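Student: Before we accept any label in this structure, could we go through the reasoning behind each one, setting every value against its cut-off?
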Amino acid sequence: MSNLLETIAQVRREVCDLHAELTRYELVVWTAGNVSARVPGHDLMVIKPSGVSYADLTPESMVVTDLDGTPAEGEWGNPPFSPSSDTAAHAYVYRHMPEVGGVVHTHSTYATAWAARGEAIPCVLTMMSDEFGGSIPVGPFALIGDDSIGQGIVETLRNSTSPAVLMQNHGPFTIGKDARSAVKAAVMCEEVARTVHISRQLGEPLPIDQGSIDSLYARYQNVYGQ
């Protein structure tokens with residue numbers, strides 16, 4: 001149990017710290033948006049409490065739930081808060097995509113504007129080829145409250161190279177091998193949503209052929225960096 005307690009404490013610190021990245025990159029306002037992370041080796045996840053200001057978040061305020069989204073009892077001691085209203089969606093992703101270790105949801109302005117139109121962001125930037133391996137797809141309209149949003153995320157991303165989906169009339173959800181990767185995807189999703197929108201004000205963006213997209217994606221994912 002001591003190892004589990006240490007792991008949960010570490011995941012809580014990480015999830016808490018990553019919420020500061022959402023505000024730093026101006027992806028959220030007020031209390032909207034959330035980051036979650038899977039607890040490695042256990043059917044548990046850690047997620048932001050519902051309706052708590054970002055400035056008031058602490059590692060101890062992060063809620064531990066099972067993979068059905070129900071607050072989990074244990075020696076780690078859950079706070080007196082309800083988990084995020086998007087918990088059911090996050091939990092569904094973890095149950096059905098075992099390779100996913102982190103999920104992020106924002107209402108970032110430009111990505112959400114594309115979601116409001118129900119339009120995929122076309123792959124017209126090498127950065128998009130690198131990060132997303134193609135266009136950023138649109139997921140179906142779904143109401144908040146149960147796992148309907150999670151079903152749409154999984155349905156859309158299961159066979160996609162993109163770590164981001166624009167849920168129609170709602171906003172972007174991103175996934176990653178860990179929570180930090182999911183946050184990076186959310187930052188990059190907003191950046192390309194803004195750039196492609198501005199490009200469209202100037203004229204029709206030029207598409208990139210699929211062969212070049214595949215080559216750029218393979219290089220970035222397997223060669224780029226240290």
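Tutor: Let us do that, keeping in mind that this is a predicted model. We can start with Ser162, whose place is in the loop between helix 5 (148–157) and strand 6 (164–167).

Student: Why does Ser162 count as buried?

Tutor: Its relative accessibility is 2%, and buried means under 20% relative accessible area, so Ser162 counts as buried. Leaving out residues up to four places away in sequence, Ser162 touches Phe132, Ser135, Ile136, Pro137 and Leu157.

Student: What makes Ser61 buried or exposed?

Tutor: Ser61, found in the loop between strand 2 (44–47) and strand 3 (63–66), has a relative accessibility of 5%; as the limit for buried is under 20%, Ser61 counts as buried. Apart from neighbours within four places in sequence, Ser61 is in contact with Pro49, Pro79 and Phe81, and a polar atom of the Ser61 side chain lies 2.7 Å from the backbone oxygen of Thr58.

Student: How do you know that helix 1 is roughly parallel to helix 6?

Tutor: The axes of helix 1 (residues 2–24) and helix 6 (residues 179–202) come within 10 Å and cross at roughly 10°. Angles under 35 degrees count as roughly parallel, and therefore helix 1 is called roughly parallel to helix 6. The residues that make the contact are Glu14, Leu18, Glu21 and Leu22 of helix 1, together with Ala179, Arg180 and Val183 of helix 6, and by class this contact has four nonpolar, no polar and three charged residues.

Student: What makes the pairing of Glu119 with Arg200 a salt bridge?

Tutor: In general, side chains of opposite charge can pair when their charged atoms come close. Here the closest N and O atoms of Glu119 and Arg200 are 2.6 Å apart, and the criterion asks for a side-chain nitrogen of Lys or Arg within 4 Å of a carboxyl oxygen of Asp or Glu, so the pair of Glu119 and Arg200 is a salt bridge. The pair links distant parts of the chain, with Glu119 in the loop between helix 3 (109–117) and helix 4 (126–132) and Arg200 in helix 6, 81 residues apart.

Student: Lys184 also forms a salt bridge with Glu131, so how do you know whether Lys184 and Glu131 are buried or partly exposed?

Tutor: The closest N and O atoms of Lys184 and Glu131 are 3.2 Å apart, and this pair too links distant parts of the chain, Lys184 in helix 6 and Glu131 in helix 4, 53 residues apart. Glu131 has a relative accessible area of 11%, and buried means under 20%, so Glu131 is buried. Lys184, at 38% relative accessibility, falls between that limit and the 50% over which a residue is exposed, and therefore Lys184 counts as partly exposed.

Student: Why are Glu191 and Arg194 described as partly exposed?

Tutor: Glu191 has 29% relative accessibility and Arg194 has 34%; partly exposed lies between under 20% for buried and over 50% for exposed, so Glu191 counts as partly exposed, and so does Arg194. Their side chains meet in a salt bridge at 3.4 Å, N to O, and both residues lie in helix 6, three residues apart, about one turn of the helix.

Student: How many salt bridges does a search of the whole structure find?

Tutor: The search finds seven, and a network of salt bridges links Asp68, Arg95 and Asp147.

Note on methods: Residues numbered from 1 in each chain as written. Predicted model: local features only at pLDDT ≥ 70, side-chain atom pairs only at ≥ 80, totals over all residues. Heavy atoms only, no water. Axes fitted to C-alpha atoms, helices over the stretch in contact; angles between N-to-C directions. Helix = DSSP H or I, 4+ residues; strand = E, 2+ residues; numbered from the N terminus. Parallel < 35°, antiparallel > 145°, perpendicular 65-115°, else oblique. Contact = heavy atoms within 4.5 Å. Nonpolar A, V, L, I, M, F, W, Y, C, P; charged D, E, K, R; others polar. Buried < 20%, exposed > 50% of the residue type's maximum accessible area, 1.4 Å probe, protein only. Polar contact = N/O pair within 3.5 Å; in protein donor to acceptor, adjacent residues only side chain to side chain.
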